[in-house]
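Here is a guided look at one protein chain, written for someone who likes to check details in a viewer. Please load the structure and follow along.

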Amino acid sequence: MHGLARYIPVLDWGRSYDRNTLSNDLIAALIVTIMLIPQSLAYALLAGLPPEAGIYASIVPILLYAVFGTSRALAVGPVAVVSLMTATAIGQVAQQGTAGYAVAALTLALLSGGFLLFLGIFRLGILANFLSHPVIAGFITASGILIATSQLRHILGVSAGGFTLFEMVDSLVTHLGTLNWITLIIGVLATGFLFWVRKGLKPLLRSLGVGPRLADIAAKAGPVAAVVATTLAVWGFGLHDRGVAIVGEVPQSLPPFTMPGLSLELISELALPAVLISIIGFVESVSVAQTLAAKKRQRINPDQELIGLGAANLGAAFTGGYPVTGGFSRSVVNFDAGAETPAAGAFTAIGLAIASVALTPLIYFLPKATLAATIIVAVLSLVDFSILKKTWRYSRADFAAVVATIVLTLAAGVEVGVAAGVLLSVALHLSKTARPHVAEVGLVPGTQHFRNIKRYTVETVPFVLTLRVDESLYFVNARFLEDLVQDRVYEGSGIRDVVLMFSAVNEVDFSAVETLEAINHRLKDLGIGLHLSEVKGPVMDRLKTAHFLQELNGEVFLSQYHAWMMLSQNDGPAQAAE
């Protein structure tokens, strides 16, 4: 049972489920359901899909994640960034509003779920680490700007489009002549109200003596209030007859069984976008899950999270949805509302299922401007320009990567932006490791510690050169070490012994071993001994499988202090091994 619970976590937390936990999960589910109804509709609008697709994508996926996921508070469903990436991807293969567009969304969810499941089964979650945090922050900031800009057409009541910032702005300016003033008033009032609800409603209610739990629920229900008020206004005054775009008829049913398109042409066109969506969704989801788990001293399993998210996306593919992941805002709300287990998500799914059957006729007159306002208020919290200031102070390379990611995402679209983010993250890693920090060290007086001669007052011996290598050695940086040693042991330098201090070296690949052999032969020809110190066990095990240790022109010392004591008392030059 324990082994099975590792892959189906519900078997673990379900054993200790009690009435108190049930009560807390039900309250959290109620609050999140109230929040998710307008949010799901809005994100479907952002993805270019019918509004019911957002609700469908929030039912079965949540249930599947509750069974296979490891986070106790993560709330899975449509999110802003993935919705934008979905619209960008399927907008290139099908016309929005057609059956082919909806089928493409299902196929995208299928491919995303399959890819996540593949990574989870083979425990490849580490691949997500190739996206650095500064690059992710830059991408999400740029995506937030793109999403907010894309929704201005609904606020203005114009038919604009575009996938990049410049295309969107140009299209908006071009269509300003068709602006609908009533739609603009509704959109501006809804946006202002939602901003006030987010920041000011809860403090106001608390000052009036309302309890903290009730005040919190009221604040989370702000979008619902905006939906109700604007829907009644459009219905009561007949504003849809005066050009105000409305949601219209929404099917009154549970999620249907749907079949994704399986044509090779469609799959080949959506394969890369599905991979990019999976990576971004997983990174965002795991970041949120780990943050919330740490607050309760809980742990999540990233590889099992891949399986949970993969199952959720597969569920979306066969129930009329589109790609989903763990959302930041809804997960925080779920956590703050007291959710203790993934069952809270299951109860949320039940609430949404009831809403899809009983409440959908009530949103016929819901103006799209209100949904756009909901999206704008939600995504502007993603925009974080402080990352520019932080990276500028800490690392100019990271700053350049953030700026490049933001600019490319805004100028070329989200797919180019996230692809560039991956490439920039890898390039940053390679650039940092290609020229590893190698310090010449000496003995700190009165101790057995060795430190950088440029930073500390240390004792050195003219005929012993000790270099501390602060990076694993592999094919990219091995030549750098070879050139460095060669520059330091020029003829007439008086150096008799070179010690490579390997305390920070975790890996030496085959190319690096060959480089070490080349260094050894060159020093041997010069009558200089090559020694190693503080080599880690796994590295030593690997070196023993090569010929390097047998040919080494010197010794391997357990500690650098031992090497110092032995070599600093050497009265003559090191003897080359025969």
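Predicted model: local features only at pLDDT ≥ 70, side-chain atom pairs only at ≥ 80, totals over all residues.

A search of the whole structure turns up 6 cavities of 30 Å³ or more. The largest cavity holds about 60 Å³ of space. Its lining is made up of Ile62, Tyr65, Ala66, Arg72, Leu74, Ala75, Val76, Asn334, Thr341, Pro342, Ala344 and Gly345. Sorted by class, that lining has 8 nonpolar, 3 polar and 1 charged residues.

Which helices each supply at least two residues of this lining? They are helix H5 (60–68) and helix H17 (343–358). The largest share, 3 residues, comes from H5.

## The largest pocket

Open space is worth a visit too: the largest pocket contains about 1,200 Å³. It is lined by 44 residues, and Phe328, Ser329, Ala378, Ser381 and Leu382 lie nearest its centre. How do the residues of this lining divide by class? There are 25 nonpolar, 9 polar and 10 charged residues.

## Phe335 in helix H16

Phe335 belongs to helix H16, which covers residues 328–336. Is Phe335 buried or exposed? Its relative accessible area is 15%, so Phe335 counts as buried, the cut-off for that class being under 20%.

Leaving aside residues up to four places away in sequence, Phe335 touches Ala73, Leu292, Lys295 and Lys296.

## Aromatic rings and charges

A pair of aromatic rings is described by the distance of the centres and the angle of the planes. The count for this structure comes to 8 aromatic pairs. One of them joins Phe193 and Trp196, with 6.3 Å from centre to centre and 40° between the planes, a tilted arrangement. Both residues sit in helix H11 (residues 181–207), and because they are 3 residues apart there, about one helical turn separates them. Phe193 is partly exposed, at a relative accessible area of 30%, and Trp196 is partly exposed as well, at 39%.

The charged end of Arg396 sits over the ring of Trp392, 3.6 Å from the ring centre. In the other case, the charged end of Arg496 sits over the ring of Phe463, at 4.5 Å from the centre.

## Two positive phi angles

Most residues other than glycine have a negative phi. Against that background, Arg297 is worth a look: it is not a glycine, yet its phi is positive, at about 55°. Where is Arg297 found? It lies in the loop between helix H14 (264–295) and helix H15 (302–317). With a relative accessibility of 82%, Arg297 counts as exposed.

Glu534, not a glycine either, has a positive phi of about 55°. Its place is in the loop between strand E7 (529–533) and helix H24 (537–543). Glu534 is partly exposed, with a relative accessible area of 26%.

Note on methods:
Residues numbered from 1 in each chain as written. Heavy atoms only, no water. Helix = DSSP H or I, 4+ residues; strand = E, 2+ residues; numbered from the N terminus. Buried < 20%, exposed > 50% of the residue type's maximum accessible area, 1.4 Å probe, protein only. Contact = heavy atoms within 4.5 Å. 1 Å grid on protein atoms, 1.4 Å probe; cavity = no way out; pocket = protein on both sides within 12 Å on 5 of 7 lines; lining within 4 Å. Points joined across faces, edges and corners; volume = space filled by probe spheres on them. Nonpolar A, V, L, I, M, F, W, Y, C, P; charged D, E, K, R; others polar. Phe/Tyr/Trp six-rings, centres within 6.5 Å; stacked < 30°, edge-to-face > 60°. Lys NZ or Arg CZ within 6 Å of the ring centre and 35° of its normal.
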